[in-house]
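Colleague: I am new to this one, and I would like to learn how to read it. Could you walk me through it?

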Amino acid sequence: MKKNTGIWIDHSQAIIVSIVDDSEEIFTIGSKVEKHPGFTGGNRKPAGYGPSYSASESKYGHKQHGVLHQYYQEVIGAVKDADHILIMGPGEAKVELEKEIKKTEKRDRVLFVETVDKMTLPQLKARVKKFFNVQVA
């Protein structure tokens, strides 16, 4: 009895669809990643784009890196019993998750990483079922 799992992921959430025989499990993991704070206009100093902004950017980047690492570890923990994994998503999160999996595990369970846009839940379930019916017998 193999457990095949598809993950649709971006920096805000991961939707996990696991298929065992004819049954399926679906759950969502939300991230605690904050959106990048934007600069509001109006009171900017004339030299506002110089090194004075780099310290806050750097602090933001380090904080977000730690939050993302924790988020990816939570997703990895949720799929620890999956035999095969398909990772999908629109941005960099899918590649970052694949790297985290390869860093933390000895075996390679990730079969494919695919760029896809937002999907409805029925579309996601259909994509995972189709992929694993073709790829893994």
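Colleague: Which residue of β5 is the bridge partner of methionine 88?

Modeller: Strands pair if DSSP finds at least two bridges between them. Here the partner of methionine 88 in β5 is glutamate 114. Strand β5 covers residues 110-115, and β4 pairs with β5 in the parallel sense over five bridges. Helices (H or I, at least four residues) and strands (E, at least two) are DSSP runs, numbered from the N terminus. Please keep in mind that this is a predicted model, where local features need pLDDT of at least 70 and side-chain atom pairs count only at pLDDT 80 or more, while totals for chains, interfaces and linings use all residues. Residues are numbered from 1 along each chain as its sequence is written, and side-chain values use heavy atoms, with hydrogens and water left out.

Colleague: With which sense do β1 and β4 pair, parallel or antiparallel?

Modeller: Parallel, over five bridges. One example is asparagine 4, whose bridge partner in β4 is histidine 84.

Colleague: Is β4 mostly covered or mostly open?

Modeller: Buried means under 20% relative accessible area, exposed over 50%, and partly exposed in between (1.4 Å probe, protein chains only). In β4, six of its six residues are buried. His84, Leu86 and Met88 point one way, and Ile85, Ile87 and Gly89 point the other way.

Colleague: Which residues have the most contacts inside the largest nonpolar core?

Modeller: A nonpolar core is a set of buried Ala, Val, Leu, Ile, Met, Phe, Trp, Tyr and Cys residues joined through side-chain atoms within 4.5 Å. The largest one has 18 residues, and Ile7, Ile9, Tyr71, Val75, Ile85 and Leu97 have the most contacts inside it. Two or more residues come from each of β1 (3-9), β2 (13-20), α1 (54-78), β4 (84-89) and α2 (93-104). The largest share, five residues, is from α1. A second, separate core of eleven residues includes Ile15, Ile19, Val116 and Val128.

Colleague: And how many cavities of 30 Å³ or more are there?

Modeller: Rolling a probe the size of a water molecule over the atoms shows where empty space is left. On a 1 Å grid over the protein atoms alone, a cavity is a set of points where a 1.4 Å probe fits but cannot get out; lining residues have an atom within 4 Å of a point. The count comes to one. Gly30, Ser31, Lys32, Val67, Gln70, Tyr71 and Glu74 line the largest cavity, and α1 gives the most to this lining, with four residues.

Methods
On a 1 Å grid over the protein atoms alone, a cavity is a set of points where a 1.4 Å probe fits but cannot get out, and a pocket is an open set with protein on both sides within 12 Å along at least five of seven lines; lining residues have an atom within 4 Å of a point. Grid points are joined across faces, edges and corners, and a volume is the space filled by probe spheres set on the points.
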